[in-house]
Amino acid sequence: MVTPQAANGSNAHPQMAGSLDALIHSRKQAAQVLSQIAIAMDRAETTERSGQLGLTRHIRTLKSTAEQLQQGKYRIVVLGEMKRGKSTLINALVGEALLPSDVNPCTALLSLLRHGPEQRVMVHYTDGKSPKAIDFDTFRADYTIPADEARHLETNAFPDISHVVIECPAPLLASGLEIVDTPGLNDTEARNQQVLSYLNEAQAVVFVLDALQPMTLDERRYLQNYIQGRDLDCFYVVNGWDRIKVGLVNPEDAAALTDAEQRQRQVFAQSLPEDASWFEVSALTALRQRRQGKSLAGSGVDKFLTELESFLTQSRGQAEIRRAAKLAHRAYSAVQESVARRIPLLDEDLSELQQRVASVEEEFGKLEKIRDNYRQLIRGRCDRTAKAIADSFKTYILNLEETFETDFVASQPDLDFLDFLDEDARDDFYKEFKRAFERYINDRLAAWEFTAKQKIGQSFDELNESAADYQVAYAEVVEVIHEKMMGRKFYAPSTDTADEARPWIDNIRDLFDEIPDTLNDAIQPFNHFWQSVLQMAVSYVCIVIALQILGLLFSSLFLNIIGVIAAAGGVLAVQAEFVRQEFIKATRKEFVKHLPQIAADQWQSIYKAVTDCFGTYEERAIERISSDIAARRLELSSLVEKKQQNEINREQTVERLKSLEDSIQQELEVLQGMV
């Protein structure tokens with residue numbers, strides 16, 4: 001891929017803009033192909049004089065997928081601690097100073113950037129009132145706060161505001177890319193939970209680090225607890241790389257610079273996941289170059305943009321086109337099957353056709369029985385899995401007592417416990433301790449959530465394996481229906497021999513496939529759905545635990561510790577380690593009192609979260625099977641009805657059906673040529 005060249009005075013990035021334009025064109029072309037196939041099938045389904053062909057389900061899927069291709073949104077979440085240059089990097093990427101990126105203030109609101117015909121900012125509120133438009137100067141002036149102030153906030157800086165949406169006509173965003181700028185990881189746990197909800201809807205993460213600072217505790221815990229293990233592409237950006245040179249005694253000493261850079265690379269190689277690669281960038285330099293219409297060369301952002309371009313246009317874009325081609329092929333197979341069944345039946349007289357339709361009623365009952373048994377399989381698996389995961393939560397919570405001291409220490413390395421003894425500093429210590437405790441709770445729940453998601457995934461894998469048996473049984477009954485209706489075995493067209501796998505079997509497999517195509521907007525993997533549901537439950541648990549424990553814990557904690565120190569004669573009171581140990585012991589004692597109640601209270605919410613996952617799966621899967629059964633019934637009854645009305649002209653019908661096949665095949669070839 002060619003390195004991006006100069007912007008020639010514009011904010012566009014020509015190489016990337018060209019590739020993204022091609023992506024937009026391909027996406028729209030694929031959408032048009034699917035729409036044309038859907039239109040042709042819909043026309044046949046509603047106007048065919050020999051009756052309906054049973055294509056409704058495929059038409060609906062093609063239309064919804066075409067609409068998604070037209071919209072074509074990808075979401076990338078930018079994460080990092082405060083003052084890592086996240087906003088500056090985003091400004092450099094889009095070529096506009098949209099986000100506040102001055103030296104002192106930091107982003108205090110979660111901001112979503114997307115394409116729009118003109119620049120504007122919309123503020124969205126938490127109380128449900130209508131979004132409000134504000135100008136950029138107001139946004140930069142009123143909705144940023146100093147970093148030091150942000151670090152000491154106990155709650156969100158603007159609790160009445162959910163997020164802001166920023167629109168601009170930047171070429172980078174024209175492809176449907178949405179970029180989410182987040183407050184620092186050490187903002188508040190409530191804000192962190194909101195960021196996590198956006199991760200469930202994202203396709204990628206940009207994790208911004210500081211070139212001069214090894215990874216912090218918050219950065220490590222976020223990577224370990226919330227990023228790794230997700231189905232997300234992760235780009236690691238080490239910002240401020242040019243400051244390594246500035247920090248040298250002699251910035252012109254090439255050997256010293258090489259040594260300094262190599263030392264920092266070793267630090268990040270040890271800190272980041274084993275297979276991770278990162279980009280060494282200077283976001284501020286890149287933004288300046290962009291604003292001056294210069295090339296991004298030398299800033300490192302050009303290399304990052306090249307990789308981002310490849311991700312959008314190849315990894316994600318080609319996956320969309322391949323999926324569209326797969327759906328179109330299934331629809332074409334369904335048409336072939338319907339046409340191949342319909343034509344032989346055109347010659348049957350009405351009484352013979354009615355007898356054959358009546359003869360397959362028993363088989364339709366068998367299909368319904370298979371569907372109902374499959375529903376029971378889902379429900380049984382649901383109940384067992386939900387109980388197992390809810391029980392695992394209960395056990396996990398009760399076992400926190402055993403590891404509390406070790407785990408909690410990792411959440412509060414910066415606490416100065418002697419501040420607790422200072423009446424003037426006690427309020428600030430109290431706030432910091434609460435935040436440390438919230439971090440501890442969130443980290444422990446994230447660890448449990450990770451194992452819970454694995455268990456759900458395993459349960460769905462086992463469900464899919466069992467579904468294969470139902471699929472085979474369903475296909476066998478369908479074959480019997482075909483044989484009874486046609487008086488012979490039915491072989492789908494476009495196969496060389498009767499023993500080969502038939503394309504129409506893909507349509508039956510689709511009924512029992514791991515997840516219906518329409519679930520979760522047909523773009524996100526299904527596990528993103530249940531991750532989102534489980535995350536909502538866990539977030540609720542976090543809130544409940546904070547209210548239950550923090551409100552009760554501190555009412556007696558300080559008095560208990562002061563009593564211990566008084567009993568020790570006050571001599572050791574000035575020793576921070578002694579105070580820390582006694583403080584943690586007292587915290588553990590109070591914490592443990594509430595664990596049984598928490599475990600009992602939250603069992604039902606966890607159980608419901610898991611059953612919601614399976615409930616959505618069941619609803620969509622059973623609806624698919626029911627639609628297929630209904631379509632097969634309607635296909636036969638519709639043909640009988642048309643026979644009764646004497647509306648069928650065999651030659652014209654065959655010509656129309658063959659024309660339908662040919663037109664869809666031509667559209668499919670266009671789509672297959674794009675893959």
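In the predicted model described here, helix α9 (residues 254-271) lies across β9, β10 and β11, and runs at about 145° to β11. Helices (H or I, at least four residues) and strands (E, at least two) are DSSP runs, numbered from the N terminus. Axes are lines fitted to C-alpha atoms, for helices over the stretch in contact, and angles run from 0 to 180 degrees between N-to-C directions. Residues are numbered from 1 along each chain as its sequence is written. The model being predicted, local features need pLDDT of at least 70 and side-chain atom pairs count only at pLDDT 80 or more, while totals for chains, interfaces and linings use all residues; side-chain values use heavy atoms, with hydrogens and water left out.

The open sheet has nine strands in the order β5-β4-β7-β3-β8-β1-β9-β10-β11, with mixed pairing. Two strands pair if DSSP finds at least two bridges between them. At the edges stand β5 (132-134) and β11 (278-281), each with a single partner strand, so one side of each has no neighbour in the sheet. Direction ignored, neighbouring strands are turned by 25° against each other on average. Helix α7 (residues 217-227) also packs on the sheet, where it touches β1 (74-79), β9 (204-210) and β10 (233-239); contact means heavy atoms within 4.5 Å. The direction of α7 makes about 165° with that of β9.

Strand β9 pairs with β1 in the parallel sense over four bridges, and V205 of β9 is the bridge partner of V77. With β10, β9 pairs in the parallel sense over seven bridges; here L209 has V238 of β10 as its bridge partner. Seven of the seven residues of β9 are buried, so the strand is largely enclosed by the rest of the structure. Buried means under 20% relative accessible area, exposed over 50%, and partly exposed in between (1.4 Å probe, protein chains only). A204, V206, V208 and D210 cover one side of β9, and V205, F207 and L209 the other. Elsewhere in the sheet, β4 (residues 120-125) and β7 (residues 161-168) pair in the antiparallel sense over six bridges, with M122 opposite V165 in β7.

Among the other helices, the axes of α11 (residues 301-345) and α14 (residues 426-486) come within 10 Å and cross at roughly 25°. The contact involves E337, A340, R341, P344 and L345 of α11 and H482, M485 and M486 of α14. In helix α13 (residues 361-409), S392 is buried, with a relative accessible area of 16%. Neighbours within four places in sequence aside, S392 is in contact with W448 and K455.
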